[in-house]
Amino acid sequence: MPKERISRIVVLTGAGISAESGIPVFRGADGLWQGHRVEDVATAEAVAFNRPVVNDFFNKRRREVEKVAPNSAHRALVEWEQACGDDFLLVTQNIDPLHERAGSHNLIHMHGELQRIRCDSCGESAPFFADALAQTLCPVCGRAGGLRPDVVLFGEMPMRMEEVFMALSACDLFVAIGTSGAVYPAAGFVDLANQAGAYTVEINAAETERSPTFHERLTGRAGEVVPDFVASCFKL
Ligand code: APR
């Protein structure tokens with residue numbers, strides 16, 4: 001880690017940070033995506049042709065996150081934000097609510113949020129904590145049949161990318177935690193940060209496809225490594 005003062009920080013998180021809270025990661029050894037074929041449950045085509053299957057898959061995920069609690073890695077990122085204020089941006093690919101449950105504020109959910117629903121009839125999105133069924137009415141327009149999870153499916157554009165790219169182009173530290181680097185554009189954030197002259201750090205339980213691109217790699221479970229890493233940054 002460079003000894004000069006780090007002032008602008010971007011942190012990217014993926015499924016690995018929530019694994020120790022009991023939420024399974026996406027890419028299992030069986031090649032399935034949380035036990036399903038991606039194209040059946042998480043693509044724009046699946047919404048168009050098989051909406052109930054998509055809603056059913058995300059209803060289950062929504063129920064799973066009702067009782068899960070943030071872990072020490074989520075909490076360490078809150079402390080870091082509190083120390084840095086607006087110079088700290090947390091970008092998560094996770095659709096679970098654990099970062100905000102821990103207390104993070106300066107947070108972008110680039111792949112959307114499980115606890116929101118979108119309506120194809122009115123185009124609006126709203127907080128949502130129940131199951132979306134065929135007869136469920138849109139909380140905004142009151143119509144049934146058009147609801148879908150407010151998450152970014154394969155084939156769709158991630159959210160708030162302009163803000164993320166701006167922050168990356170101006171950061172001097174970029175940290176990727178618990179992400180396999182298999183999905184773009186998030187997998188390319190390290191390249192943008194490197195181009196901006198930032199110091200780049202990967203924290204992961206295992207080596208990833210993108211590991212060679214980072215200046216520094218810390219191998220281990222996020223719940224153990226992240227609090228120590230954040231504490232070491234406070235000492236700089
Ligand atoms: N601590 C740190 N890293 C961990 C831990 C842990 N306790 N457990 C697992 N990991 C790492 C794995 O080594 C792996 O590199 O977390 C990563 C999880 O990878 P993925 O399952 O591919 O999740 P992610 O990178 O978030 O996926 C990106 O792909 O499927 C889409 O939209 C979905 O947001 C998701 C995106």
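Predicted model: local features only at pLDDT ≥ 70, side-chain atom pairs only at ≥ 80, totals over all residues.
Residues are numbered from 1 along each chain as its sequence is written, and side-chain values use heavy atoms, with hydrogens and water left out.

| Residue and atom | Ligand atom | Distance |
|---|---|---|
| Gln93, polar backbone atom | oxygen | 3.1 Å |
| Ser180, polar side-chain atom | oxygen | 2.6 Å |
| Ala205, polar backbone atom | nitrogen | 3.2 Å |

Thr92 lies in strand β2, strands being DSSP runs of E with at least two residues and helices runs of H or I with at least four, numbered from the N terminus. At 0% relative accessibility, Thr92 counts as buried, a term that means under 20% relative accessible area (1.4 Å probe, protein chains only). Not counting residues up to four places away in sequence, Thr92 touches Thr13, His99, Leu107, Ile108, His109, Met110 and His111, contact meaning heavy atoms within 4.5 Å.

The largest nonpolar core has 23 residues, of which Val11, Leu77, Trp80, Leu173, Val175, Ile177 and Val226 touch the most other members; such a core is a set of buried Ala, Val, Leu, Ile, Met, Phe, Trp, Tyr and Cys residues joined through side-chain atoms within 4.5 Å. At least two residues of this core come from each of β1 (9-13), α4 (72-84), β2 (88-92), β7 (173-177), β8 (199-204) and α8 (222-234), and α8 gives the largest share, six residues. A second, separate core of 19 residues includes Met161, Val164, Ala167 and Cys171.

An open sheet of three strands is arranged in the order β5-β4-β6 with antiparallel pairing, two strands pairing if DSSP finds at least two bridges between them. β5 (125-127) and β6 (147-151) stand at the edges with a single partner strand each, so one side of each is left without a neighbour in the sheet. Four bridges join β4 (residues 112-119) to β6, and Arg118 has Arg148 as its bridge partner in β6.

Note on methods. Buried < 20%, exposed > 50% of the residue type's maximum accessible area, 1.4 Å probe, protein only. Polar contact = N/O pair within 3.5 Å; in protein donor to acceptor, adjacent residues only side chain to side chain.
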